[in-house]
Amino acid sequence: MPKVAIVMGSDSDLKVMSKAASMLEKLGIDYEMTIISAHRMPDTFFDWAKGAEGRGVKVIIAGAGMAAHLPGMCAALFPMPVIGVPMSGKNLDGMDALYSIVQMPPGIPVATVAIDGGMNAAILAAKILAVSDPEILQKLKDYSEEMKAGVQAKADKLHEIGYEKYLNN
């Protein structure tokens, strides 16, 4: 049963939202992923969002560009956390989507990550789940240690060979 649902309004969002899926897979978290346009197929969207809790979903990650209604509509219909991922776009570079997602009315919050921040949306979803799941919490701690080791390895290499060789390597 999926714990996280990933939804996007268009297949053009898949490049960003696949990063969320990859991170959830790395952390061993079951998810479902779909494309639903809140504007072009509202009845389908309403059924999907209202049915998410019954499917076992605990967190929704919703990606959207431009007017970015999808995350807010998910938050209006789904009683648990929704994380919005604003998509970069050709007109305003994603700022329109960012503002649309973060400026939700009182009582309908949407947690929001950076523009094109699919990976961080998955990590935030995992942190939400980790509050009541020690296994996910441990996987997040392990992931943090992996990141730390990766940065330390780069620092060690820089100190060993110097910045000029590092840049040309």
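## Basis of the report

A residue is called buried when its relative accessible area is under 20%, exposed when over 50%, and partly exposed in between (1.4 Å probe, protein chains only). This is a predicted model, in which local features need pLDDT of at least 70 and side-chain atom pairs count only at pLDDT 80 or more, while totals for chains, interfaces and linings use all residues. Residues are numbered from 1 along each chain as its sequence is written, and side-chain values use heavy atoms, with hydrogens and water left out.

## Pro71

Pro71 has a relative accessible area of 0% and is therefore buried. Its place is in helix α3; helices (H or I, at least four residues) and strands (E, at least two) are DSSP runs, numbered from the N terminus. Beyond its neighbours within four places in sequence, Pro71 is in contact (heavy atoms within 4.5 Å) with Ala62, Ala64, Val82, Gly84, Ile101 and Val110. Between the C-alpha atoms of Pro71 and Ile136, which are 65 residues apart along the chain, the separation is 24 Å.

## Helix α2

Helix α2 (residues 42–51) has Phe45, Trp48 and Ala49 as its buried residues. These lie on the same side of α2, because they cover an arc of only 90° around the axis, the arc being that of the directions from the helix axis to the C-beta atoms. An α-helix has 3.6 residues a turn, so residues three or four places apart point the same way.

The cover over the buried residues of α2 includes β1 (4–8), β2, β3 and α3. On the face turned away from the buried side are the exposed residues Asp43, Asp47 and Lys50.

## Glu32

Glu32 belongs to strand β2 (residues 31–35). With a relative accessible area of 18%, Glu32 is buried. The side chain of Glu32 makes polar contacts (pairs of N or O atoms within 3.5 Å; within protein, one must be able to donate a hydrogen and the other to accept it, and residues adjacent in sequence count only if both atoms are side-chain atoms) with the side chain of Trp48 at 3.1 Å and with that of Arg55 at 2.8 Å. Leaving aside neighbours within four places in sequence, the residues in contact with Glu32 are Pro2, Val4, Ala5, Ile6, Trp48, Arg55 and Val57.
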